[in-house]
Amino acid sequence: MTEFFTDETKRSILFISLAGISLILSFFYAGQFPLDPAWVAIILCGLPIIKEGAIGLFTRFDIKADVLVSLALIAAVTIGEIFAAGEVAFIMQIGALLETLTVAKAQAGIERLIHITPRTARRMKQDQEELIPAEEVQVGDVLRVLPGETVPADGLIIKGKTSVDQSVMTGESLPVDKQEGDEVATGTVNQFGAFDMQATVVGENSSLQRMIRLVQSADADKAKIVGIADRWATWIVVIALLSSSLTWYFTGEIIRAVTILVVFCPCALVLATPTAIMAAIGNATKYGILVREGDALERLAQVKRMTFDKTGTLTYGKPKVVAVQSYAEGLTHEQLYNYLASAELNSEHPLGKAIVSSYKATGQQLREPQSFQMIPGRGVSALIDGKEIYAGNAELLQEHGIDLSPEVQAGAKAYTKEGSTVIYIAMNNQVVGLAALSDTLRETSFTMVESLKAMGIHPVLLTGDHKEAAHHIATQVQIPAQDVHADCLPEDKLKAIEGYQEKSELVCMVGDGINDAPALKKAHVGIAMGGIGSDIAVEAADIALVGDDISQLPHLLGLSQRMMRTIKLNLAFSLILNFGAIILAANGSLGPVMGALVHNAGSVLVIINSALLLNWKTKNESTSATSTKYVPEMS
């Protein structure tokens, strides 16, 4: 916890320690000193409070807790209650310190991002390595990353294999294996083998810098409920002065009036909300969730519908081979898959790259084609083992006089209905099979949707994909057909959300693309995929999932609801304590010293109650996650 102790915090601890010693001496040995030792507490802890109260009152006309605390201190000193004044100042500063440490702990997990920004990079030029400042890295530079070093830029591995610790970005506890073609992010740590990478995103646009900007925008003061507490605090100051004056007028005892000022300080009330919000933000950070505004958590607790984009949100947003089907006698599906992937080995087309990537995931070896030709808008042709291979769309085969049999057409139609893209494969001028590529569902999507349903949230699918693909995914996660909106343009998503909100159904939108930005902005709460999401989508959202882990959405929703319960409990407790203490002070049962203890103990309890949110978990939350490797269907 040493990172929490700034110079200012250390100074506060020193002053509080000295004040505490002085109060002990004052309580037991006050008569043995020419001056009451409690004055040390008043000077070290009380004067800063009076200064802040005066600045707020006379420069901003801002009547807050500091004003009432200052009045209580001055009144207590005036009537000679030096120990009571010192005690008020002492416990108030303890409360302030606890709040500072609570907020610091809540933010520490995300603020560490700022300190892990890499300082240097190893740039490769003509097989020569040069050490340069990380900020000088340019897009396209080839960089070498050694074991134990931090990745200096976002990019693609072009040589080597390794494992990378991505916990800073995704919260994953185990390193992730990486090889040629895999992406690496700034700030992640290379664990084992050295690798070369090509920088694709640098400087302020890197994933780490984007995340830091999100962190810096997290501000609990933006929450509407904080404003309510502040307004209450202002009225309480007025009521306190009136109550104190009336008590003095009717009883003639200034001690009672001063005690009312002491116990009426709305410190616990003011602390009730921001400490809970910042603790909840800190909790969310541990799960790879960046909350840009405390207000977002308050709003999230109110939503009843959660709308999802499909591609990149419920799915991975990258095509994979989901099936390979052979129609040629003597040619197995596995052999056909090898011919197809080998033919696409040098392809620059996204689908070709997806085929190669999917095949490499099986651990099998590819063959280098003897010849290769890219045919724009059609597919590829390649010569492998003396066999001429064509892989592409129906137009490619038609242009080469290759007919599609009814059997092949029927097979292709079945996959197309499920939203898949079909690649036809021909060998020596005969159709021999097909491959189906599709965006695959995230392993956690189904359980995430089920968890939200159990919490009373209605899931909705908003996607620009065609009806077949939308309903295919919706069926897999059990989103009702009536809540599936397909073929959506950005304005269609916006209108769908407006339609729900016109029915007084508050909506949370989860998306990743530029086309989701209007919906993210319009929704009661917008949640963006912070890893693969576009900059525009992330900027439009209130909350970002750093590692694109949608399985954390139930935790986030439950956390927001728990935060609101904590805030309400804090507010109720602080008000009951204040008014109870006032009654006791007015009838003389509570003196200034005990009043200060009771009141400020309430502030400490409020902070402790809020701090419990830092480690809050849902009852059914699993502490471990499993992943599966996708294997295409061979039929």
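Which residues are buried in α8? In this helix, R256, A257, V258, T259, I260, L261, V262 and V263 are buried, where buried means under 20% relative accessible area, exposed over 50% and partly exposed in between, with a 1.4 Å probe and protein chains only. Because 8 of the 10 residues of α8 (residues 254–263) are buried, the rest of the structure largely encloses the helix. Helices (H or I, at least four residues) and strands (E, at least two) are DSSP runs, numbered from the N terminus.

The model is a predicted one, in which local features need pLDDT of at least 70 and side-chain atom pairs count only at pLDDT 80 or more, while totals for chains, interfaces and linings use all residues. Residues are numbered from 1 along each chain as its sequence is written, and side-chain values use heavy atoms, leaving out hydrogens and water.

Strand β17 (residues 430–441) has 11 of its 12 residues buried, so it too is largely enclosed by the rest of the structure. On one pairing (at least two DSSP bridges between two strands), β17 runs antiparallel to β12 (residues 315–326) over 8 bridges, with P319 opposite D439. Another 7 bridges join β17 to β16 (residues 421–427), again antiparallel, and here V422 faces A436. The hairpin of β16 and β17 has 2 residues between the strands, and N428 takes a positive phi near 50 degrees.

As for nonpolar cores (buried Ala, Val, Leu, Ile, Met, Phe, Trp, Tyr and Cys residues joined through side-chain atoms within 4.5 Å), the largest has 90 residues, of which L314, I527, I543, L553 and M563 touch the most other members. Apart from that core lies another, of 23 residues, among them L336, I384, I389 and A391.
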